[in-house]
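Try each task before reading its solution.

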Amino acid sequence: MSSAQSQIESRPVSVAHLFLSRVEDTPNAEAYRYPVPVGDGSTDDEKWVSLTWAQTADRVRLIAAGLLSLGIRPEERVAISSSTRVEWILADMGAMCAGAAATAVYPSTNADETEYILSDSGSRAIFVEDAEQLAKVAATAERLPGLRHAILFDVPADAPLVEGVEVLSLAELEKRGTAYLEQHPDAIERTVEAIEREQLATLIYTSGTTGRPKGVRLVHDCWSYQGVAQESSGLILSDDVQFLWLPLSHVFGKALISGQIRTGHVMAVDGRVDRIVTNLPAVRPTLMASAPRIFEKVYNGIAGRARAEGGAKYKIFLWAAKVARDYARTRQESMAATGTPQVPLPLKLRHAVADKLVYGKIRAAFGGNLRGSVSGSAALAPDIGYFFAGAGVHVLEGYGLTETSAAVTVNPAEDYRVGTVGRPLPGTEVRIADDGEVLLRGPGVMRGYHNLPDKTAEVLESDGWFHTGDIGEVDKHGYVRITDRKKDVFKTSGGKYVAPTEIEGRFKAVCPFVSNILVLGSGRNFCSALIALDETVIMPWAASNGMEGRSYTEVVTSPEVHELIDGFVQKVNADLQRWQTIKKFSVLPRDLDIEHGELTPSLKVKRPVVEREYAEAIESMYEGSREA
């Protein structure tokens, strides 16, 4: 039995057990750091402060005891509606150590869907970030008779009263915890000791593209497995400094905490997306997890600035980008063939020059200390992956779903393969069905959908195999490649199958102005596309091309921009099969966003929503069309 497999089989019962062991082993080591305002409270004037594991445990114990004082019992649901911040982690760990089950609610979720989640989960208490999140509870409290308590992280001067719900601050909950522990000093240890592997730990509701979201039941063993598997894979190290900005309401962000508790490394926490660029040099992380959209935006920003500078600087960037891709591809192909990364001397020399001119600045923007960045939740365009690999920013693509408590595969840092999602984590099995669907089995797989036995039976076989709905393949080295969502692959009226994700990825790699793209054509006689442009990149281009002073909408709907984007469409089309080519496209008048329901909180495109929203634009592209 391998060392990794041995660790998996001897894993602790729960992350609560992991947490108490971590505190005992390294009480004085730094656990978390987070920003706090100084002076007038401006975001321009902040400092990072830290919590040791012992300090973290002190607060977690008080929160857990506070929940017990409210009458919360094992497996009863406690919701958390907040952006990513250290209090989210403290509340989640407090709920776990109280034996409760946390219900994650995205802070962007509207009042109606928040009500549904709280009702369906049967949540008895909820941690809310601020008055805005509390207002959603207040608006629907009369229809939530089971909800009895709301705990505020940030207490406003005029917190609203909530009918039938006790509102208290986090400090007040901790004060009650102090009193409870005076009466029951060993309550937390006894509660954790009583936790069982198959006890419900978390309900995370999938951000469904149609209908109501489904509550995914993840037990304590799922999270314990994640912690041990991440460590044994070599993905995370005990001396890492990880920067966490991902939504903790999403399974990807939540799973990272399990791995961090297992290894005991430092986690710098700040979920403000607009502060990522500022935070990276301050934190200087060795590890960061992200969604592909962030890397796409960084790439587009670099390419856009180089284009705006024009002349020699733009030519240098284009040359350096090609060198980066050639270097990364050559290195990867030789590694796959011989087990040793080999690069011809002329390419090495070009790469060294490009490193001094371009790549060093890119690494500095990520803090200058990044060992690797894990990318998940959607596919990263291979050309963008090769670019960053060649520039020394190692993007390790992984794969997982809410239903698998996040990661089931990840690329190893020492031998990652761009275009794949890596190899299975220890303890997870991957199988490809006859129709190409990826099937998974392992301790991280959910135990079912909450209150939905029929939906559970559709995807979870009696022997534990989970149907992912993704199409993929496994190569001879065990690397998994995801080619598309099973439901997204479509057939044209000419009978040809098209995988839209592949085409979309190619377009993102060549067009520095794109934010989102949807390739369409199901049952149609040719493929078309809806294209949304990145405002931060297209507006500087517009200003330098005679459109200064125009609004974003005026710019993206202009003939000049249509001609610009058409050039990139034709470039992509040149490398596609005839039936895959984009014959027509429409540039959208605004970018897709979460607020309009077009993106999930993890920035995946909700295709049905976008297609409904822009049905008229789609139909106009097919008016009078003939077989192509």
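Buried means under 20% relative accessible area, exposed over 50%, and partly exposed in between, with a 1.4 Å probe and protein chains only. Helices (H or I, at least four residues) and strands (E, at least two) are DSSP runs, numbered from the N terminus. The model is predicted, so local features need pLDDT of at least 70 and side-chain atom pairs count only at pLDDT 80 or more, while totals for chains, interfaces and linings use all residues. Residues are numbered from 1 along each chain as its sequence is written, and side-chain values use heavy atoms, with hydrogens and water left out.

**Exercise 1. A covered strand**

Task: find which residues of strand β12 are buried on each side, and which strands pair with β12.

Strand β10 (residues 241-244) runs parallel to β12 and is joined to it by two bridges; here F243 stands opposite M288. Strand β13 (residues 372-375) also runs parallel to β12, with four bridges, and L287 stands opposite G372.

**Exercise 2. Salt bridges across the chain**

Task: how many salt bridges does a search of the whole structure find, and which parts of the chain do R11 and D221 tie together?

Solution. The cut-off used here is a side-chain nitrogen of Lys or Arg within 4 Å of a carboxyl oxygen of Asp or Glu. With it, the search of the whole structure gives 40 salt bridges.

Take R11 and D221, whose closest N and O atoms are 2.8 Å apart. R11 sits in the loop between α1 (3-9) and α2 (15-25), whereas D221 belongs to helix α9 (residues 220-232), so the bridge ties together parts that are 210 residues apart in sequence. R11 is buried at 14% relative accessible area, and D221 is buried at 4%. Step back, and you will see R11, R197, E198, D221 and R447 linked in a network of salt bridges.

Now try E166 and R176, with their closest N and O atoms 2.4 Å apart. E166 is in strand β7 (residues 166-169) and R176 in helix α7 (residues 170-183), ten residues apart. E166 is partly exposed, at 28% relative accessibility, and R176 is partly exposed too, at 34%.

Finish with D534 and R293, which meet in a salt bridge at 3.5 Å, N to O. D534 counts as buried at 2% relative accessibility, and R293 counts as buried at 11%.

**Exercise 3. Aromatic rings**

Task: what is the geometry of the ring pair Y299 and F317, and which rings have a charge over the face?

Solution. Rings of Phe, Tyr and Trp (its six-membered ring) pair if their centres lie within 6.5 Å; planes under 30 degrees apart count as stacked, over 60 as edge-to-face and the rest as tilted. A search of the whole structure finds 13 aromatic pairs. For Y299 and F317, the ring centres are 6.4 Å apart and the planes at 50°, so the pair is tilted. Y299 is in helix α12 and F317 in helix α13 (residues 311-338), 18 residues apart, and both residues are buried. Ring pairs link F295, Y299, F317, F366, F387 and F388 into a cluster.

For the charges, look for NZ of Lys or CZ of Arg within 6 Å of the ring centre and within 35 degrees of the ring normal. K254 lies over the face of W223, 4.2 Å from the ring centre. R524 lies over the face of Y622, at 4.3 Å.

Technical notes. Two strands pair if DSSP finds at least two bridges between them.
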